[in-house]
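Please look over the sequence and the fold below before reading on. The paragraphs after them are meant to be read with the structure in view.

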Amino acid sequence: MKKSLRLTTAAIAMAALLSACGDDTPSEPTETTAAPTPSATETPSDFSTDEVIEESEDFGQLVAVRVGAHSGFDRVVLEFSESVPGYTVKYVELPVLADGSGEPIDLPDAETAVQIVLTPSSGYDMEAEEETYTGPNTVTNDKAREITGFVRSGDFEAVLSWAVGLRNEVPFKVTTLDNPARLVVDFKTD
């Protein structure tokens, strides 16, 4: 009896030890927070005309930009290779000026503009000595109701900026998404 009790106790102790040394998965489920992704038919909430600022030390290597038209909102998307950098999104007076030169940016049919300033960020990889963003400097979408154009206004010393030409001063919403890393700005159309 003593021998079987010792074996049982040893087996329980061994099982406890083995379960404690198992993989690193937590015993409680962990909650991951993902930014909401509005669908093409869903209108995002929390729109405002207030400046939005988010600081980050993560470098954002720009790889793509897009302009989309959806039910209830137009959208601009800036896609990065790994991380979304810090950003400031705000209404600015026309004309929007190019970083460095101070020359006016052409935003046809725009009555107002929102500027997106990303830092630290670039569309050029200094280490590889190559462009990571090889798309156009002006992006449009004929189906967009408020956005007249999305134009690169600067890329110098880890400060990247783009201007969004708009027909009207409408509320906007800023969201970041993962996989791939994206900064999304939606402009209310209804």
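What follows is a walk through some strands and their pairings.

This is a predicted model, in which local features need pLDDT of at least 70 and side-chain atom pairs count only at pLDDT 80 or more, while totals for chains, interfaces and linings use all residues. Residues are numbered from 1 along each chain as its sequence is written, and side-chain values use heavy atoms, with hydrogens and water left out.

An open sheet of 6 strands runs in the order 1-4-5-11-10-9 with antiparallel pairing, and its edge strands, which each pair on one side only, are strand 1 (52-54) and strand 9 (138-139). Strands here are DSSP runs of E with at least two residues, numbered from the N terminus, and two of them pair if DSSP finds at least two bridges between them. Strand 1 is joined by 3 bridges to the antiparallel strand 4 (residues 86-92), where Y87 is the bridge partner of E54.

Strand 5 (residues 112-119) includes T112, a residue that is buried at a relative accessible area of 11%, where buried means under 20% with a 1.4 Å probe and protein chains only. Beyond its neighbours within four places in sequence, T112 is in contact (heavy atoms within 4.5 Å) with residues including Y91, V92, L94 and V164.

Strand 13 (residues 181-188) has 7 of its 8 residues buried, so it is largely enclosed by the rest of the structure. Strand 13 pairs in the antiparallel sense with strand 3 (residues 73-80) over 8 bridges, with F187 opposite D74, and with strand 12 (residues 172-177) over 6 bridges, with V185 opposite V174.

Terms used: Helix = DSSP H or I, 4+ residues; strand = E, 2+ residues; numbered from the N terminus. Buried < 20%, exposed > 50% of the residue type's maximum accessible area, 1.4 Å probe, protein only.
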